[in-house]
Structure formats: structure tokens, C-alpha cells
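Subject: A structure for you to look at

Hi,

Here is the structure I promised to pass on. Have a look at it first, then read my notes below.

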Amino acid sequence: MTTEELYRQIGGDYADTLRRLGSSERIQRFLSLFLREDSCRALADALREGRAEDAFRVAHSLKGMCLNLGLRALGAAADTMTEALRGGRIPPAADALYAEVKRAYDQVEAGTALLDAPN
Amino acid sequence: MTAAGERGEEKVAKTKTDLILIVDDTEMNRALLADMLTPTYRVLEAADGQRAIDLLQQYQSEIALVLLDIVMPKLDGFEVLAVMNKNGWIGRIPVITISAETASTYIDHAYDLGAVDYISRPFDERVVQRRVKNTIMLYSKQRMLEGMVADQIVEKERNNYLMVEILSNIVEFRNGESGLHVLHIRTLTDLFLHQLQRTTDRYPLSSSQIAMMVNASSLHDVGKISIPEQILNKPGKLTAEEFAVMQTHSALGAQIMADALQRHREELLQLAYNICRWHHERYDGGGYPDGLRGDEIPIEAQVVALADVYDALTSVRVYKPAYPHQQAMEMILGGECGAFNPLLLQCLCQVGPRLEEELRLRSPGDMAEQSILALSSQALAAGQASSRTLTLLEQERTKYQFFAAMSSEIQFEYHYATDLLSMSEWGARQLALPMLIEDPAGDRQLAAVLDPADYRDLQAKLRAATPDCPIVDAVYQLHVQGQKRWYKALARPLWEDEESGQMEGVIGKFVDVHERQLQLQTLQQRAEQDSLTGMLNHAAARERIQPYLAQSGRQYAVALLDLDHFKEVNDRLGHMFGDQVLQYTAQRVRRGVRAGDITARIGGDEFLLFLKCRQPVEPVIRRIFSGLGGKFHGFDIAMSMGVALCPQDGEDYETLFHKADQALYAAKKAGKGRCLFYEDKMRDLLSAISPIDR
């Protein structure tokens with residue numbers, strides 16, 4: 001799968017991201033870096049352990065990274081999560097919101113694994 | 001890329017390209033920005049606010065720009081900005097925020113704290129590159145302008161200074177005095193004003209204000225230019241009328257300044273006016289021309305008044321010879337020259353001892369440059385330091401780092417403001433510690449290398465250091481690469497300025513002296529030991545025994561032991577065998593006593609025992625004696641022993657030794673092979689120990 005196809009699949013904005021970052025090689029490189037951050041697990045841990053401030057920071061970072069990489073769908077889910085956590089407490093809707101984030105994240109992860117090697 | 005960038009102190013190649021600090025808790029973001037900015041720029045990375053501050057402290061003016069995230073753990077971006085404000089870095093180092101937060105409150109708050117711009121997300125490579133480039137360019141232009149302004153300020157002060165110097169020379173020339181009077185007044189004014197700052201809070205002055213007063217003091221006698229020469233240079237005593245004319249020089253000088261003041265609101269002129277007009281006023285109102293009293297007299301005039309009196313007394317004048325320093329002090333303190341502010345007189349007493357030397361040593365050249373810099377410093381500080389100063393600073397740091405890298409020494413630096421200890425690269429590697437350590441007093445890694453008690457000892461020594469004696473020198477053990485080695489610590493405090501007591505930091509080094517220390521210890525041991533048997537020699541034993549005897553309340557025994565027929569052993573069986581016998585005996589003696597007792601070889605075949613007595617005293621000692629004999633390779637070891645007891649037979653070492661000696665002689669005389677305790681009837685016996693051995 002090419003990067004362009006991946007982006008189409010996960011609801012990302014390829015054209016804009018390519019324009020901003022300069023090359024598809026860079027996009028690929030940073031996609032793997034992004035996944036290495038393992039933000040989803042960090043978010044799950046923080047929510048489970050009730051650490052609201054840490055959860056906020058992870059969600060916020062995740063949103064930022066998605067913005068940079070043009071991962072619209074995941075970014076939107078992360079954004080909703082961030083705002084819900086901004087109050088400093090974990091809201092009741094957290095589980096549902098997290099499920100959304102995880103779904104989008106898994107999609108990105110799965111798709112990235114199938115990417116062609118950069119040429 | 002990022003792995004290397006995280007540890008900021010790694011090989012940041014020393015080229016001329018600008019250095020950018022990227023602060024963001026997300027590795028991906030740092031990597032992305034770094035990717036976009038290298039190779040045009042060099043990059044440092046920090047994952048949280050604290051690390052960012054540490055790097056700013058370390059690299060300071062080298063950093064051309066900071067890209068700062070806001071939301072971070074530990075210290076966030078706002079807190080970093082606050083610290084940058086506090087340390088004065090915000091004016092010199094531009095900060096661009098890169099937060100994903102777009103709420104205007106965040107952005108405004110960052111601006112309020114001194115950020116110059118923000119780059120929103122998502123990052124666009126060309127936007128990032130352009131913004132960074134423009135900001136750096138703008139700031140470098142700004143620094144250049146600052147430099148030019150600073151140079152102008154220094155130039156102006158230099159011109160001022162020159163004018164004042166010329167003016168005062170004119171006046172002095174006409175007075176027929178040597179050029180030294182003005183120099184002396186300046187020196188004295190400088191000394192008194194600085195001492196005043198140390199003594200009291202009543203007249204708070206900055207060092208540039210003091211410099212300006214010192215400069216103005218040069219003009220105190222400017223009014224004399226209007227005094228007729230016959231009066232000015234009259235060798236005898238002045239008549240009442242002549243004196244009245246002379247007195248007008250104060251008001252005349254002030255008039256000159258006032259005229260100039262009409263046109264120029266210059267502080268220097270105001271100070272010169274005050275000094276000219278009132279340097280003959282006295283604290284009790286008994287001076288002239290206006291009879292001001294107490295603190296109505298501006299402090300600069302009070303100080304110059306005192307300086308003028310002291311210099312007049314101790315210099316040759318047309319109408320008098322020079323009086324010695326001591327006499328001048330007595331006259332002033334005795335009130336013979338008018339009343340002065342008690343605080344000032346206190347200062348006079350405090351600087352008194354140094355006065356003669358300072359006046360002799362200070363040359364016009366020194367004072368000039370010092371004054372000019374002090375005068376300029378205020379204006380420079382109000383802005384930021386000029387780029388020239390920064391360049392000089394930069395050079396100093398480069399020099400320092402070069403020497404640190406060259407020398408295989410553990411060099412370190414510590415700053416109180418940031419509680420940060422930094423070490424040279426080589427040093428950190430030697431000790432297997434990080435180059436930067438926050439809160440070193442509480443750091444466990446450091447405590448494993450340098451024992452906390454030693455750390456505190458070094459701290460105490462540094463606090464006790466003074467500007468006159470700043471260097472601290474001590475030897476400690478450091479735990480290095482699994483071993484304990486001896487190191488000499490050489491360090492000194494860094495004070496806010498050379499005079500005030502506020503300690504800002506410490507600089508120093510640790511030098512490996514292990515081999516030398518061991519050598520020292522070996523030499524010491526050898527000096528105390530008998531080389532054949534390894535026992536203490538007489539001198540060392542005596543040194544160890546005397547402290548015990550000095551304490552009363554316990555019972556001790558001094559016993560002298562001597563091998564019987566030893567000379568025959570040497571003659572018949574040879575000296576080598578004799579030596580072995582001695583070694584064997586030494587061993588038995590050592591083993592025969594308890595741990596706290598002291599044994600020594602004090603002569604050819606003579607030994608000394610110092611025993612802490614156990615009850616019952618005599619039987620115990622006899623038992624020890626009988627246990628000392630034995631057979632060594634067929635040779636029967638027989639000994640004689642004489643014992644003296646403390647406190648019964650004496651309490652000082654010489655007495656006890658002498659009596660044990662006599663008891664030993666008695667034992668020999670009685671047939672050898674026995675142990676005798678001192679009795680009074682032995683008093684007149686000769687000594688058993690050959691004179692050479694005693």
C-alpha cells in the first residue's frame with residue numbers, strides 16, 4: 001500500500017500533509033515514530049489508574065501529533081478526549097470516548113504495517 | 001537523530017551555525033522540528049521544562065532561539081518563560097511557542113511572559129524554517145545595535161572622565177600642589193564610600209553612583225581658581241581676612257557648577273555642586289559656608305570633607321610639613337579638625353590600617369579604567385549586556401572549556417541560583433556521573449562518589465573563605481570506578497562582586513593525589529616504626545602513651561623488657577640469627593598483651609610495654625611475663641623485666657620510665673630471668689639500658 005492509499009483508508013489528509021512535511025519518506029518515518037510513542041496505551045493506563053492530569057497530557061500530545069501528521073479521524077477523537085479531560089477529572093463518558101480513540105488508532109497501526117517500503 | 005539530540009551535551013559540533021533549543025515532551029514533535037531545521041542549524045533537545053532550564057544555564061548566550069511547547073510534565077512552558085524572565089535571559093534569547101493549544105488565552109499569556117511569536121500546528125516545513133530564520137536575524141541585528149549603544153555609553157563616560165581630570169589638573173597646578181592631592185581625594189572617597197556600604201544601610205549607593213561621586217570629588221577645589229595666588233600659596237599663617245577670602249572657594253566652586261547645571265541636567269554636575277559647596281561643612285553645623293549640620297550635608301560632601309582633612313594633614317603643604325598617619329588619625333578622632341559623622345569616623349578607623357598603603361599603591365591609570373567601567377555599568381545593565389560583553393564572556397567560556405578539556409582534571413562549577421552542579425566532560429566520565437547534577441546535596445549518585453560528610457566539610461570551608469583568602473584546599477577520598485582513591489580538592493567561591501559577601505557559586509577541581517597520599521602515609525609509618533620488627537619505635541610509643549598518662553583515674557604499668565645473654569647469641573650464632581630471635585620475641589610480646597596496650601622496641605634487645613592495668617595488678621603482669629619466654633630454634637629465650645606503676649610510682653612518662661629502668665637493672669643484678677616491680681630501695685641504682693639505647 002502506498003502512503004497515499006493509507007491516508008485515504010484512515011481518513012487522513014495526504015495532500016496537505018505532503019505539502020507541509022515535504023516528502024512521503026518523511027511522512028513514513030514519522031508515522032513509525034508516532035506509533036513508537038504508544039500513546040494509546042499510555043492513555044489507557046492513565047484512565048484506568050485515575051490519573052486525570054496525565055491522561056489530559058497524553059490526549060493533548062496525541063492530538064498534536066495527529067495534527068502534524070494530518071491524521072484527521074484519529075485527531076478528532078483525540079481532540080474530543082482532550083477537551084473532556086480538561087476539567088481535571090475523568091468524566092463518565094471517558095470509556096466511550098476512549099473506545100473511539102482506540103478504534104481510529106488501531107486502524108492507523110494496522111495500515112502502517114502494510115505500507116510499502118520507501119523507495 | 002533524536003537519541004543524540006536528547007543528551008544536549010553530546011557532540012554539538014563547534015561550528016558557527018546557530019544553536020536552537022527545542023523543548024517538547026513528545027519525541028515525535030522534537031524529531032520533526034529537528035528534522036526540518038538541521039543541517040541549517042544545530043539543535044539541542046529537552047523533553048521537559050527543567051531540562052530546558054538546565055540547558056539554558058549551560059549554553060546561555062550560545063542559544064540563538066528556543067522553540068517551546070507549553071503543556072509539559074514537571075515544569076511547563078510558562079514556568080520556563082518565568083525563569084527566563086527572572087534570569088534576564090528573555091531579553092537576549094527569543095522564544096517561539098509551538099503549542100497545540102490555540103486558545104488565545106494561552107497565546108496571550110505566552111506573549112505576556114516574553115515570547116516573541118508562536119508557530120501553530122500542524123507544522124509546515126517552510127513556515128517553520130522561515131519564522132526561525134527571521135527571528136534569529138532580527139535578534140542578531142538587535143544585539144548589534146545594543147553593542148553600538150553600549151560602546152557609545154562607555155565612550156561618553158570616558159570623555160567625562162577626561163574632562164574632569166583635565167579640569168582638576170588645572171586647579172592643582174595653580175595651587176602649586178603635586179598632582180597627588182586629587183588622586184588621594186579620589187582614593188579616600190572611594191575607600192570611605194565602599195566601607196560605608198559595608199558598615200551601614202543608612203546611605204544606600206550602587207557602585208556606579210559611588211564611581212560618579214568619586215569622579216565628582218576631583219572637582220572639590222575648583223573654586224580655588226578664583227582665589228588670588230598670594231593667599232593660595234602663602235607660606236605662613238593666613239590673616240583673618242585672608243582666611244575669609246580662602247573660605248569663599250566653596251561657594252565659588254559651587255557657582256561654577258550651578259552655572260553649568262542651568263544648562264545641563266547632569267547628575268555629575270549636581271554631585272560636583274554639592275561637593276564643592278559643602279566640603280567644608282561640619283557635622284555639628286560649625287563649618288562653612290552655610291552652617292549645615294548632620295545629614296543636611298549630602299553624604300558625598302561629608303566623605304570628601306573627611307578625605308580632604310586627612311590628606312591635608314598627611315601631605316606636605318606650603319604652610320606645614322606632612323604629619324604621620326597615626327598623628328593624623330588621632331587629631332581627626334580627637335575632634336581637632338571639626339566634627340564628623342560618627343559612622344564615617346567608624347569607617348575611617350576600619351580602613352585606617354590600609355590607608356597608607358592604598359594611597360601609595362593606587363595609580364591614576366588603575367582608577368581611571370575602574371571608574372569608567374563602573375560608571376558605564378549602570379547604563380549597560382539597564383539595557384542588556386552589550387554584544388561585546390557577550391562576546392568577551394563567550395571567549396572566556398571557550399577558554400575555560402578548552403582548558404577543562406585539555407587537563408585531565410575533574411573540574412566543576414556550581415551555581416546557587418539554579419542549584420546546579422556541572423562538571424567537565426572528562427571529569428564526569430572519570431567519576432561515572434552525569435555532567436549536570438541538580439540538587440547535588442541530595443543526589444544519591446554523587447553521595448556514592450563523595451561521602452556526604454566530606455561534601456559538608458567542603459561546603460563549610462567554602463563558606464569560611466573570604467575575598468582576601470579565597471582558595472580552599474582539602475584532601476578527600478572519592479569512590480572512583482570501584483576503588484577509593486585520594487583526591488585533593490581545590491576550590492573557591494564566586495562572589496557577586498569582589499567586595500560583597502553574597503556567594504553566587506563555586507568553582508574548583510579535584511586532582512588525583514592517591515599515589516602521593518599513600519607515599520605520605522608510608523613515610524609516616526616508617527618514621528614511627530622499627531624496620532626490623534615492625535613495632536613502634538620509642539618516640540612514636542612515647543607520643544601515644546603520654547595522652548593516656550595525662551588523664552588521671554586509671555592505673556597503668558610501664559614495663560621495660562630485656563633479653564638475657566643476647567650479646568652471646570649474636571657472637572655465637574651470628575647476627576642474622578640474632579635478628580630472627582628479635583623478630584620472634586617481638587611477635588611474642590605483641591601477642592602477649594591485649595589490644596589496647598602499647599608495645600615498642602626501644603633498643604637493641606630492649607622492649608617497652610605499656611599496659612592498662614587489670615586487677616589484680618601484680619599477678620596479671622607476672623603472668624604476662626612468664627608467657628613471653630620460649631624456645632626459638634633450640635635457643636632458650638630468657639628475659640628480665642622491670643615494672644613501674646602509675647599512679648603509685650609516678651604519673652609522668654619520664655618518671656615511670658626511669659623507675660621501670662631501675663627495676664630492670666635490679667632484676668638483672670638479682671640474677672636475670674625475672675620480673676621485678678619498682679621499690680623505693682632501687683632509687684639509687686644505675687640504669688640497665690645502655691646509654692645509646694635510652
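Let's begin with A:Arg19, which counts as partly exposed at 44% relative accessibility. (Buried means under 20% relative accessible area, exposed over 50%, and partly exposed in between, with a 1.4 Å probe and protein chains only.) The side chain of A:Arg19 meets that of A:Asp16 in a salt bridge, 2.8 Å from N to O. A salt bridge here is a side-chain nitrogen of Lys or Arg within 4 Å of a carboxyl oxygen of Asp or Glu. Side chains of opposite charge can pair when their charged atoms come close. A:Arg19 and A:Asp16 sit 3 residues apart in helix α2 (residues 14-21) of chain A, so about one helical turn separates them.

Before going on, some housekeeping. This is a predicted model, where local features need pLDDT of at least 70 and side-chain atom pairs count only at pLDDT 80 or more, while totals for chains, interfaces and linings use all residues. Residues are numbered from 1 along each chain as its sequence is written, chains are lettered from A and ligands numbered from 1 in the order in which they are written, and side-chain values use heavy atoms, with hydrogens and water left out.

The two chains

Chain A has 7 helices and 0 strands, so its elements simply run α-α-α-α-α-α-α from the N terminus on. Helices (H or I, at least four residues) and strands (E, at least two) are DSSP runs, numbered from the N terminus. Of the 119 residues in chain A, 48% are buried. Chain A exposes about 5800 Å², with carbon and sulfur atoms supplying 51% of that area. (Accessible areas come from the Shrake-Rupley method with a 1.4 Å probe; for residues, only the protein chains shown count as cover.)

Chain B has 26 helices and 18 strands. Buried residues make up 49% of its 694 residues. Chain B exposes about 34300 Å², and carbon and sulfur atoms supply 54% of this.

Contacts say something about the fold too; a contact means heavy atoms within 4.5 Å. Take the contacts between residues at least 6 apart in sequence: in chain A, 68% of them join residues at least 24 apart. In chain B, the figure for such contacts is 61%.

Inside chain B

Why is helix α8 (residues 207-217) of chain B described as largely enclosed by the rest of the structure? Because 9 of its 11 residues are buried. Among them are B:Ile210, B:Met212, B:Val214 and B:Ser217.

Two of those names come up again with B:Thr189, a residue of helix α7 (residues 180-199) of chain B. B:Thr189 is buried, with a relative accessible area of 1%. Leaving out residues up to four places away in sequence, B:Thr189 touches B:Val214, B:Ser217, B:Val303, B:Val304 and B:Ala307.

B:Lys224 counts as buried at 12% relative accessibility, and B:Asp221 counts as buried at 5%.

Another salt bridge is formed by B:Lys668 and B:Asp562, whose closest N and O atoms are 2.2 Å apart. This pair links distant parts of the chain: B:Lys668 is in helix α26 (residues 653-669) and B:Asp562 in strand β12 (residues 556-563), 106 residues apart. B:Asp562 is buried, with a relative accessible area of 4%. There is also a network, in which salt bridges that share partners join A:Glu25, A:Arg26, A:Arg29, B:Asp35 and B:Glu125.

On the surface

Patches are made of residues with over 30% relative accessible area and no salt bridge; like charges are joined within 9 Å, and nonpolar side chains (Val, Leu, Ile, Met, Phe, Trp, Tyr) within 5 Å.

A nonpolar patch of about 590 Å² is made by B:Leu162, B:Met163, B:Ile166, B:Leu167, B:Ile170, B:Ile225 and B:Ile256. Its largest share, 5 residues, comes from helix α6 (residues 125-175) of chain B. B:Ile166 lies in helix α6 and is partly exposed, with a relative accessible area of 43%.

Finally, B:Arg554, B:Arg594, B:Arg614 and B:Arg623 gather in a patch of positive charge. Lys and Arg count as positive and Asp and Glu as negative, while His and the chain ends are not counted; the place of a charge is taken as NZ of Lys, CZ of Arg, CG of Asp or CD of Glu. B:Arg594 is in the loop between α24 (575-592) and β13 (598-601) of chain B, and is partly exposed at 47% relative accessible area.

Cheers
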